[in-house]
Amino acid sequence: MLVTMVIDDVEVPEVPDAADPATQLLEQTADGGDTAFASLYDMLAARAFGLILRVLVDRAQSEEVLQDVFLEVWQTAAKFDSARGGARAWILTIAHRRAVDRVRASHSSTQRDLRIGVRDFRGETTSVEEHAQLRIDGGRATEALRTLPDAQREALVLAYFGGFTQREITAITGAPLGTVKTRMRDGLTRLRKALEG
Amino acid sequence: MHEHDFRELSAGHALGALSDEEERELYAALEEHPEWQSILDEDLHAATSLALTAPAQEPPKAIRASILGAITESPREDAQKRPRRLRMGLFALAASVVLILAIVIAPMLFDAARDTPPADLAMEEITAAEDARSATADVDGGGSVTLHWSISAGSAVIETAELPEITDDQAYELWFVRGETPISAGLIELGQDSELTLLAGEPSPGDVVAITVEEPGGSPTGEPTSDPIVAVETD
């Protein structure tokens, strides 16, 4: 049972949430702990569901994807490597991947273009409750996102929340492929640096 | 590949914006440069921050009950024992040796008045869906299987009438191979009325559906214990 992290001579990037309680629960889940798994669900389901909803919008599909995500978490918990990051990041990565797979399978490109038109993709909130919630949980991340140049933020948000590929983003924005790739690369780097403070 | 190109792929991957071909390039580059894993991990971590800008939302309580119920009958995977490259090699080899792709839209008709088994019900849902697909692959040892699936219906069903006979201390187990990870999709019961078997779980785009021969009740490790006798690509 993995309780301590192995740190060898290779430099491991700093991962602030590697020691969080979710990580311990996930490791216990890998050992067969269904109680730990239930606690892990209680801790992270709302966070995962919020992300899935943001990508999919459709509530029924989002509920299905949420179930698939946690089923995958249960089935593959033994593959989690805490040296590479915390449990929350691992689970949200699974949630994001499945949400994007689903949105691409479920929507024709015409429908997804329309989705872009009616939704605000600049990371701004529309309700007071959402705004308050964000300040509690994701305030730093939201603020960091705001510091990006518009073109970089747009590329990140279209990709991450819109589920669009780089090629689709060139069609949406009119920018050449090389430019889109650079915006994503530089935008992600800038986001990371803004969060490091 | 230069590190600069890898960094671009890495950002695209973390944001979920790469094409399938670019994903393959990324993983090929990682095989050659395992030290670049840290670049990828940093980008995945930064992408998680984006996830945090979406407000958390409480899911319905029924989902919690459903998931906790589902895990009691769900097989789990052990941590990887074999090197990743070797396992991917086994599946890729099996798929390339036995695979014949036939993409056909195959509507089927059912008598709705009859008492229909779950696999047949799922088949009706699949054929009614806009994204219904089928694919056929040859089985090692003769015969073929046909997979029917719909991502939007969330179901996959396989026709297995031609599978070779096996002994009483063997069972056919189905797998969704997602990337390199085989996820059990249940067992095939031979000799039942319906020739269709409903796979447990929802198909994901790009899954390879494989069948292996295991002990009765399925592989005790939660992973295939032998090479697949057939692999069906859903791409």
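Good morning. In the largest nonpolar core there are 75 residues, and Phe70(A), Val73(A) and Leu191(A) touch the most other members. Helix H2 of chain A, residues 34-56, gives this core its largest share, 13 residues. A nonpolar core here is a set of buried Ala, Val, Leu, Ile, Met, Phe, Trp, Tyr and Cys residues joined through side-chain atoms within 4.5 Å. Buried means under 20% relative accessible area, exposed over 50%, and partly exposed in between, with a 1.4 Å probe and protein chains only. Apart from this core lies another, of 21 residues, including Val145(B), Leu147(B), Leu199(B) and Ile211(B). As general background, nonpolar side chains tend to be buried together in soluble globular proteins.

A word on the basis of these values. This is a predicted model, in which local features need pLDDT of at least 70 and side-chain atom pairs count only at pLDDT 80 or more, while totals for chains, interfaces and linings use all residues. Residues are numbered from 1 along each chain as its sequence is written, chains are lettered from A and ligands numbered from 1 in the order in which they are written, and side-chain values use heavy atoms, with hydrogens and water left out.

Let me turn to chain A. It has 10 helices and zero strands; helices (H or I, at least four residues) and strands (E, at least two) are DSSP runs, numbered from the N terminus. Of the 197 residues in chain A, 51% are buried. Contact means heavy atoms within 4.5 Å. Among contacts in this chain between residues at least 6 apart in sequence, 64% join residues at least 24 apart.

Next, helix H10 of chain A, residues 177-196. Its 20 residues reach 29 Å from the first C-alpha to the last, close to the 28 Å expected at 1.5 Å a residue; the expected span is 1.5 Å times one less than the number of residues. Among the buried residues of H10(A) are Val180(A), Met184(A), Leu188(A), Leu191(A) and Leu195(A), and also Arg185(A) and Arg192(A).

What do the buried residues of H10(A) pack against? In chain A, they pack against helix H7 (139-146), helix H8 (150-160) and helix H9 (166-173), and in chain B against helix H1 (3-14) and helix H3 (37-51). Leu191(A), leaving out residues up to four places away in sequence, touches Ala141(A), Ala144(A), Leu145(A), Leu148(A) and Leu156(A), as well as Ala46(B) and Leu50(B).

Thr170(A) sits in helix H9 of chain A. Thr170(A) counts as buried because its relative accessibility is 19%. Beyond residues up to four places away in sequence, Thr170(A) touches Ala175(A), Pro176(A), Leu177(A) and Val180(A).

In chain B, Thr212(B) belongs to strand E7, residues 208-214. Thr212(B) has 0% relative accessibility and therefore counts as buried. Its C-alpha atom is separated by 6.7 Å from that of Leu174(B), 38 residues apart along the chain. Neighbours within four places aside, the contacts of Thr212(B) include Tyr172(B), Trp175(B), Pro224(B) and Asp227(B).

Finally, the lining of the largest cavity. It includes Asp68(A), Arg98(A), Asp101(A) and Arg102(A) together with Glu202(B) and Pro203(B). A cavity is a set of points, on a 1 Å grid over the protein atoms alone, where a 1.4 Å probe fits but cannot get out; lining residues have an atom within 4 Å of a point. The largest share of this lining, three residues, comes from H4(A). Thank you.

Notes:
1 Å grid on protein atoms, 1.4 Å probe; cavity = no way out; pocket = protein on both sides within 12 Å on 5 of 7 lines; lining within 4 Å.
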